[in-house]
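Here's a quick tour of a protein model, meant to be read with the structure open beside you.

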Amino acid sequence: MDLNLRGKNVLITGSTQGIGRRIANLFAEEGANVAICSRSPESVNKAIKEISLMADGKIIGSPCNIKNKEEYETWINDMAEELGGVDIFIPNVSAGGGMDSEKNWWKNFEIDVLGTVRGVEAVIPHMELRGGGSIVMISTTAAVETFMAPQSYNAMKAALITYAKQLSQAHGEKGIRVNSVSPGPIYFDGGAWDMIKISNERFYDKTEKTHALGRLGTPEEVAKAVVFLSSSGASWITGVNLVVDGGYTKRVQF
Amino acid sequence: MKVRREQKIARIKKQKGKKGTPVEAMPNPELGHKLIPKLRYTDTGFAQEEWDKMWKKVWLLGCREDDIPNPGDHYVTEIGNESILIVRQKNKTIKAFYNVCAHRGNRIVHALHEPQLESSNFRCRYHSWEYGIDGKFTDIPDLETFPQGAPDCGGLICMPCDSWGSFVWFSMNKDVEPLKDYLGIIPNHLDPYHFDRMVLTRQVTVEWDCNWKASVDAFNESYHVQGIHPQLLYYLDDLDIQIDCYEKHNRYLIAFGVLSPRVVSPSEIPPPIKHVMREAGMDPASYEGSVYNIRADVQKHKRVHGATQGKDYSSLNDDQLTDDYHYTIFPNVTMNVHADDLMLFRQRPHPDNPNKMLFDYFTYELPDNDFDWETYKKPIHKKFKHGETSLGLVINQDAYNLPFVQKGMNSNGYEGLWLGNQELRIRHFHKTLEDYLEK
């Protein structure tokens, strides 16, 4: 199956490490042109260099603080201009979990929710110009099943699933598909589950056993789902929330 | 993922004022690399020698001054087979006695490890011999039936007793050097923490199935953090540690609120470091800096806000506001010293089994403005067997492991401790012990 990603222009936020970075890597391998960002200029430059090694297309990027609306919109427009349009948008950046104070709610709202909403509003005109496009939001299984604690991360990520569904209805006519991907626990070096594996091995082992497939997922496996949903291979899929969790959650998705 | 990052902890180079805790690193003593024979941990003969030549010669921690504030208040502590009666005198000084009646050897006071309030005299319950709070006989019933008269000792047998740092110390050695000389650098190093301002929050004794030195050792090195306390890799630097050995005692300085070089930084602040921030009154969610700056930022925050929280940090340097200044006072007192609290362990030998010990766990807290004095009640000293109570995750992890260490030491397949540089304090501790045994 050809995903037809060669020459497609992809914007990914929060893409120098973790899942976002693996998504960028995979798009690059598939021949797409990729624009990345993170807050630190050093990480952006380093990631561009590394991703370019496996890319056929153009790999660009610049530092951007998603919290700052103007800075964010400028980043999107700059990237769109440099690549010559936008076909695919992956609002990936997250403020992460935490129950320290009310501030966690503001942060997840600003970064996870507004970081998606503002991005979507800025890319849709570019997609309209190209006669279509694809957006994949990154949610979490913590949005669809009880997980850890009643924290803002879980609730704000849940908002994205609803938002993606409604967007898919509103922009379908223009050929814009909108989906979300909800990863379960994902292990990678330096990730949250790396810390849990080191500091609380028993809980890690228990979590592994909870998965129908008996292990934690890899960021590459999440990236594959995201890249597929973004591609023409998923041309008839819109408004879905694809749970990518190796059978970690137990609900039936009617 | 296992890593070994290059990391250098920024440490204060100058002590805080003239009376601050000295911070300079001591040159490492030349103590060789010899194996420490396991017999020291398992052999009853060695335990007896240790008792005769060390325990009976040194200064030992008895109780806290505020356990016995008023004349006649008294406290009984045990070491080995001895019971020691510590009594506040009329002139506010403190005396320590063997807790034994000169008549037939009964224990005078039977209550243990619990402050006993004001008493005008002590009466042996066996034949009602009475002693004043100064230890002198006040009444011997039917004295005329003792043709030889009263015992020549004139009352309870007194032993050297003195105070330092809000604690009362005693020695079974009547020729012992003065406490101040014995403690050496300790008062100079630890007075800036003002232990007298701290209040007792928990006191527990647990019988552990290991030699008392196995417990002292476990707290004298951080090499075991990666094995026993992996969660602390997201809390402290277990590699860049300043180890300082002084005459009898030693210390190490461990940076808290940092990542170990053995792990990589997660994208979120690790929960144990968040805890450090919250304790200082900072909101981790509002923190915009890098995880690598948190220790310094917590220090700054406490320096600025300490006074309004009711905490006087004026005699402590900035590192002391976050780090663990960890001291071992020979032979058996381990102190985890922090600006806001003190976690003190006293390791006592079992009276007759070198494979067992008594682990005394005391925590003290520096009260801040929010401290609720109205509901504060001095905790009762509780005693447990191994596994009957929790001492918090970290100590529980050590407590779980130590009986296995002791079992292994008794094996024919084990000869003794093979120590590395990270375990220098253990070697230094054994050197001090050897010095006593050779005397």
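## Two helices at an angle

Helix 1 and helix 8 of chain A are oblique to each other. This is a predicted model, by the way, so read everything here with that in mind. The two helices, residues 18-29 and residues 219-230 of chain A, pack at an angle of about 55°, and their axes are 8 Å apart. As for handedness, helix 1 of chain A passes helix 8 of chain A in a right-handed crossing.

So who touches whom? On the helix 1 side you'll find Gly18(A), Ile19(A), Arg22(A), Ile23(A), Leu26(A) and Phe27(A), and the residues they meet in helix 8 of chain A include Pro219(A), Val222(A), Ala223(A) and Val226(A). Sorted by class, this contact has 9 nonpolar, 1 polar and 3 charged residues.

## The sheet

Chain A also has an open sheet of 7 strands, paired in parallel and ordered 3-2-1-4-5-6-7. Strand 3 (59-61) and strand 7 (241-244) of chain A are the edges, each pairing on one side only. From one strand to the next, the twist averages 20°.

Zoom in on strand 1 (residues 9-12) and strand 2 (residues 33-36) of chain A: they pair in the parallel sense over 3 bridges. Here Leu11(A) stands opposite Ala35(A) of strand 2. Helix 2 (residues 41-52) of chain A lies across strands 2 and 3 of chain A, running at about 170° to strand 3.

## Where the chains meet

Chain B puts 17 residues in contact with 18 residues of chain A. The chain B side of that contact has 10 nonpolar, 4 polar and 3 charged residues.

Notes: Residues numbered from 1 in each chain as written. Chains lettered and ligands numbered in written order. Predicted model: local features only at pLDDT ≥ 70, side-chain atom pairs only at ≥ 80, totals over all residues. Pairing = 2+ DSSP bridges. Helix = DSSP H or I, 4+ residues; strand = E, 2+ residues; numbered from the N terminus. Axes fitted to C-alpha atoms, helices over the stretch in contact; angles between N-to-C directions. Contact = placed C-beta atoms within 7 Å. Nonpolar A, V, L, I, M, F, W, Y, C, P; charged D, E, K, R; others polar. Parallel < 35°, antiparallel > 145°, perpendicular 65-115°, else oblique. Left-handed = near helix turned anticlockwise from the far one by under 90°.
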